[in-house]
Amino acid sequence: MRKKGQFSVQLDAFLPPDPEFDPRYRRAPNRGFNLTEKETVLAIKNALRYLPKELHQRMAAEFLEEILTYGRIYAYRFRPSGAIYGKPIDEYQGILEARAIQVMIDNNLDFDVALYPYELVTYGETGQVCQNWMQYCLIKKFLEIMKKDQTLVVMSGHPLGLFPSKRDAPRVMSSNGLMVGMFDNPNDFQKAQALGVSNYGQMTAGGWMYIGPQGIVHGTYLTLLNAGRKYLGIRDEDNLAGIVYLSSGLGGMSGAQTKAVEIAGGVGVIAEVDRSRIETRKTQGWLDWVSDDLDQVFAWVQEFRGKRQGASIAYYGNVVDLWQYVVDHEIKIELASDQTSCHAVYEGGYTPVGVSFEEGRRLLRSDPARFRSLVDDSLRRQYGLIKVMRDRGTQFWDYGNSFLMAVYDAGARDIAIEGEPKNGFVLPSYVEDLIGPICFDYGYGPFRWVCLSRRSEDLAKTDAAARDIVYDLWQSRTPKRGQDYDNYVWLRDAQKNQLVVGTQARILYADGPGRLRIAQKFNEMVRNDEVGPIMMGRDHHDVSGTDSPFRETANIKDGSNIMAEMSHQDWAGNAVRGMTMTVLSNGGGVGTGKAINGGFGLVLDGSARVKKTISMALDWDVSCGIARRAWARNAHAMDTAKEWNDTHEGQITMPSIPSEGLVERLVSSRIRK
Ligand SMILES: NC(=O)c1ccc[n+]([C@@H]2O[C@H](COP(=O)([O-])OP(=O)(O)OC[C@H]3O[C@@H](n4cnc5c(N)ncnc54)[C@H](O)[C@@H]3O)[C@@H](O)[C@H]2O)c1
């Protein structure tokens, strides 16, 4: 038994063997060495804090080498050897919640799931679980000894310590990359990362709730269907047959585009410069056709468009060449977007045209300034081509990757309204036009669950239970909602679509009442031993979780889209209502300083305690955003808030709306005087 005051959680004074890297897995590029001599000393001393003194001399030299070579200290040597993956929960040590959290962390680092598993990057080019392998080892050690009334605090991947709290408090509270305002910019952020004091958590990478690319397949499928409905007038019960969607990126999330467009029945052409990413999606069965010959690519497009058959085609090459071809050959493209990693555009997230992927990587290392200027030229050229196609009828939207902002930063000022991004952009973002009003304002968002047993039977049982609930919602609502029907089709076909990579998990864009009913049903199923324990959570990209003026809150038009209070309130409210883990992070999909986002995980153990937590916390997690969106006068959110007020004990404050033209007439008469 450990005595009070005895420090027991530390790394051993034992040097693990030299790290080995399996060449089949991608490695993160050199992020660039950006420190002065004095700062380099600080970075190494910071990393040595994790190690006993006996290892300092040896590891100081190794850390220096790592930071000079990769621009970061990952402490590769401390990565447990072999494959890491979300094992069945019983194979971990600790209390139930702590074991569940370990499943989630390991799933985020699975070779099949993570983008750069050796650098702890789960997705989105730079989204890390934590900063280095020493932090990973310590977090696991803390989780193994955690008691039911303790909370582990994690700051940018660093386990600050295990503190007494209470049973109904979160077991883990973490944050990533939250900067003081005047330093909240990419340059200071990257310096902080190199010093080892800041982690870029993206969303579910640092929130330990990533479930592989199926999460984004569902979201992309809904975005594409709703784009077809809004821009092309297709009916609720129709799909994208005969419609062509052009985009780029087959990486962590962008890789979902090919599968999603096919499920939606359209023809997708996606450019990708990295051959290995094309191979991954091809092997997974998420991609039908691949070519580096644009004549061949568009021969397939014509064939499948004519047959009105769903098909996914990868163009192995640069997206700018793809746009140039469609402009030159006057090819009809109905829908288009871009999913290169523009949130990290100068760090390797975007490969400029005229440079292969490999050359781009070399240039980034040898001449970052030249790389930067090529990126700017390429983005401006891409925007020029998009404008031509927009004039010919193509509907383009920003896909949450900061593409429009990157084009603006590259010098194309006309992409912003009146040349100022704070006014918004001349092209829409997918949240502004599609997901915001059609999903978030009604409370629909990327809810998800993980069957911690890793048993596929458990997932099948939960899929069936959720499908019945969603079907009932679809049948019982007046008027009927297309979203409920889409969700029903998604769950009906979920097993057939075989989208699971990593743990047995499912995503579902459920609304507030749907989430509650599903969670209560699952908790009951756990209690009755029909299934093992379940981790319930969501993507941060949701109704309440994220303040991001060009993405999640792009359809908030009362001027409060520059505020970050909703995500903070949501996060704190989730913590006080007893979610198992809560996280708040800077950046997410759009980059440092451009968003604050939070998420949660809740372990369903079948208990009455969790039943109560579901009814309070899951409800708050959706109604927080509904209330804010309703206050911003969003029509669908006002309807949803009224419904909430009619059915709940609490009360959402509703806005009073002046008669049409009243304020405009008054103001214009005075201002004109
Ligand atoms: N779809 C969504 O709902 C959503 C949600 C969150 C974030 N995002 C954002 O989308 C972006 C992509 O995410 P990801 O996880 O797929 O990142 P990723 O880095 O894994 O994938 C991006 C891919 O784009 C390719 N690429 C780069 N430049 C290219 C070019 N010029 N032509 C063709 N291919 C090129 C890269 O090789 C890479 O494979 C990120 O900025 C992310 O933050 C999207």
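## Domains, sheets and a ligand shell

The protein chain is assigned domain 1 (37-195), domain 2 (214-415) and domain 3 (437-647). These bounds come from an automatic or database domain assignment. Residues are numbered from 1 along each chain as its sequence is written. The model is predicted: local features need pLDDT of at least 70, side-chain atom pairs count only at pLDDT 80 or more, and totals for chains, interfaces and linings use all residues.

**Where domain 1 meets domain 3**

The C-alpha centres of domain 1 and domain 3 are 27 Å apart. Their contact takes 32 residues from domain 1 and 28 residues from domain 3. Two residues are in contact if their C-beta atoms, placed from the backbone, lie within 7 Å. On the side of domain 1 that touches domain 3, the elements giving two or more residues are helix H3 (96-108), strand E5 (172-176) and helix H5 (186-195). Helices (H or I, at least four residues) and strands (E, at least two) are DSSP runs, numbered from the N terminus. H3 gives the most to this side, with seven residues. By class, this side of domain 1 has 17 nonpolar, eight polar and seven charged residues. Ala, Val, Leu, Ile, Met, Phe, Trp, Tyr, Cys and Pro count as nonpolar, Asp, Glu, Lys and Arg as charged, and the others, Gly among them, as polar.

Strand E16 (residues 581-586) is mostly covered, with six of its six residues buried. Buried means 20 or more other C-beta atoms within 10 Å of the residue's own, with C-beta atoms placed from the backbone; exposed means 12 or fewer, and partly exposed lies in between. In a regular strand the side chains alternate between the two faces of the sheet. Met581, Val583 and Ser585 point one way from E16, and Thr582, Leu584 and Asn586 the other way.

Strands pair if DSSP finds at least two bridges between them.

| Strand pair | Sense | Bridges | Opposite residues |
|---|---|---|---|
| E5 and E16 | parallel | five | Ser174 and Val583 |
| E16 and E17 (residues 596-604) | antiparallel | six | Met581 and Gly601 |
| E8 and E9 (residues 311-316) | parallel | three | Val290 and Ala314 |

**A six-stranded sheet**

E8 and E9 belong to an open sheet of six strands, with parallel pairing in the order E8-E9-E7-E6-E10-E11. Its edge strands are E8 (289-291) and E11 (395-396), each pairing on one side only. Helix H8 (residues 275-284) lies across E7, E8 and E9, and runs at about 160° to E9. For such angles, axes are lines fitted to C-alpha atoms, for helices over the stretch in contact, and run from 0 to 180 degrees between N-to-C directions.

**Around the ligand**

Which residues come nearest to the ligand? Of the 33 around it, they are Gly251, Gly252, Ser254, Asn401 and Gly589. A residue is near if its C-beta atom, placed from the backbone, lies within 6 Å. Helix H6 (214-232) and strand E7 (267-272) are the elements that give two or more residues to the shell. The shell divides into 11 nonpolar, 18 polar and four charged residues. Domain 1 and domain 2 both give residues to it, so the ligand lies between them.

**Gln504**

Gln504 sits in strand E13 (residues 504-510). Gln504 is buried because 24 other C-beta atoms lie within 10 Å. Its C-alpha atom is separated by 6.8 Å from that of Arg455, 49 residues apart along the chain. Not counting residues up to four places away in sequence, Gln504 touches Val450, Cys451, Arg454, Arg455, Ser456, Asp458 and Leu459.
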